[in-house]
Structures are given as C-alpha cells and as structure tokens.
Amino acid sequence: MRRAQRGETGARDLLVRSFREMAIGYATSILGDAQRAEDVAQEALIEAMLRIASLEVPEAFPSLLKALIRKHCDRLTRRRALPTSPFNEAFAVPSTAGASGDPMARMQEEARREIIREAVRRLPSTQKNVVLLYYVGGQSLQQIADTLSLPVSTVKSRLHEARIYLKRKIRKDGGGE
C-alpha cells in the first residue's frame, strides 16, 4: 500500500488486481447488472488510485473504494433508468423444455424464471446483496464478508435465510416441485 501511495506502478497494478473482483461484486450487489458494475468498478478504482496518495491510513483503502463505488452507482442510477434484462438473465433457470422446443414447457420455464426474479427482488436488501454477490458476482463467502464488512457467519446466515425464503416462495407460487 505504501509503495502504491508513492506512485510505484507495479504496486498500483497489484492493488487494482487485488481489489477488482471485490469492487465488481459490490457494484453488482447495488446495481444488479454485472456489465454496468464492471464499468462502475473501473471508474471507482481509477478515482481511488488518484486519491491514494492522500490516504493517511492505508488500511482505509477498502472503505474509500466502497464509498467511491456507492457514489458512482448512485450517479449511474440517477442518470438513467437501468434495464431489467441483465438482472433477468442473471437468474435464468436452465431449460427444461429439452430439444423438442415444446411451447408449453417454454411458457412454464419463463413463468418459473419470473417467479424467481420476483422472489429475489422481494428479499430484504441485506439478503439480496448477499445473494447477488454470491450467485451473480461469483464471490466466496469470505469475499462477500470482506466486501460488506461483515463476519462470515453473518454472510452464511443471510444466504441461508434467503435460500429458505426463495424455496418457500418458489414452491408457493408454483415454480418448484
């Protein structure tokens, strides 16, 4: 961190590589769109690198980065409405229609997808963030804990509670067995 603060390119590159996935995952949890999250993460990392020399406490870098991600996400969402299709695609259910292309099976599959999307939308934000970081962002429980500044046990608990809610909701609304 100190080498990056002094402007050493190699150290800055290493810092960016070390925090890139966390930044993308956190932005994805806010935006629900992995493509836009990558853009936001890149902008936030650039701004963080510009500010790194002024950090008095190097350990504050993750907090600075998270604040910048929130700022860039807020700017993006205020600028224009986000499309829902990337979120929808993120929770796509594998096809059960098979090669036959049965129209009824396709309709049932799309109805199940919509039930899942709606169930995820209705999760409390604390659980939704964990679900999006885990399933969409592909982060480990430890990475999510680091991203959200939570103990791993809290992340596990929130993910477990979300899974229970989603299973019940999907079964209740006819999307499951």
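Modeller: The axes of α8 and helix α9, which spans residues 152-172, come within 8 Å and cross at roughly 105°. That angle makes α8 roughly perpendicular to α9, because angles of 65 to 115 degrees are counted that way. Keep in mind throughout that this is a predicted model.

Next come the residues that make this contact. From α8 the contributors are L141, Q142, I144 and A145, and they meet V152, V155, K156 and L159 in α9. Sorted by class, the residues of this contact are six nonpolar, one polar and one charged.

Between α8 and α9 there is a loop, and S149 lies in it. The phi angle of S149 is near 55°, which is a positive value in a residue other than glycine. Is S149 buried or exposed? With a relative accessibility of 56%, S149 counts as exposed, because the cut-off for exposed is over 50%.

Now step back along the chain to the helix before α8. Helix α7 covers residues 125-136 and helix α8 covers residues 141-148. Their axes come within 10 Å and cross at roughly 130°. The two helices, α7 and α8, are therefore oblique to each other. The crossing of α7 and α8 is right-handed. On the α7 side the contact is made by N129, V130, L133 and Y134, and on the α8 side by L141, I144, T147 and L148. This contact of α7 with α8 has six nonpolar residues, two polar ones and no charged ones.

The two lists can be read together.

After α7 comes G138, and the phi of G138 is positive, near 65°.

Within α7, the buried residues are Q127, V130, V131, L132 and L133.

Q127 has its place in helix α7. Its relative accessible area is 11%, so Q127 is buried; the limit for that label is under 20%. Which residues does Q127 touch, leaving aside those up to four places away in sequence? They are R158, E161 and A162. With E161 there is a polar contact between the side chains, and the distance of that contact is 3.1 Å. Q127 can also be placed relative to R163: the two are 36 residues apart in sequence, but 9.3 Å apart in space, C-alpha to C-alpha.

Helix α2 (residues 9-31) and helix α3 (residues 34-51) have axes that come within 8 Å and cross at roughly 135°. These helices, α2 and α3, are therefore oblique to each other, and α2 passes α3 in a right-handed crossing. In α2 the contact includes L15, F19 and I24, and in α3 it includes V40, L45 and M49. The residues of this contact of α2 with α3 divide into 13 nonpolar, one polar and four charged.

Finally, the setting of the part you asked about. The protein has nine helices and zero strands. Of its 177 residues, 38% are buried. Among contacts in the protein with a separation of 6 or more, 62% are between residues 24 or more positions apart.

How values were computed:
Residues are numbered from 1 along each chain as its sequence is written. This is a predicted model: local features need pLDDT of at least 70, side-chain atom pairs count only at pLDDT 80 or more; totals for chains, interfaces and linings use all residues. Side-chain values use heavy atoms; hydrogens and water are left out. Axes are lines fitted to C-alpha atoms, for helices over the stretch in contact, and angles run from 0 to 180 degrees between N-to-C directions. Helices (H or I, at least four residues) and strands (E, at least two) are DSSP runs, numbered from the N terminus. Angles under 35 degrees count as roughly parallel, over 145 as roughly antiparallel, 65 to 115 as roughly perpendicular and the rest as oblique. A crossing is left-handed if the near helix is turned anticlockwise from the far one by less than a right angle, and right-handed if clockwise. Contact means heavy atoms within 4.5 Å. Ala, Val, Leu, Ile, Met, Phe, Trp, Tyr, Cys and Pro count as nonpolar, Asp, Glu, Lys and Arg as charged, and the others, Gly among them, as polar. Buried means under 20% relative accessible area, exposed over 50%, partly exposed in between (1.4 Å probe, protein chains only). A polar contact is a pair of N or O atoms within 3.5 Å; within protein, one must be able to donate a hydrogen and the other to accept it, and residues adjacent in sequence count only if both atoms are side-chain atoms.
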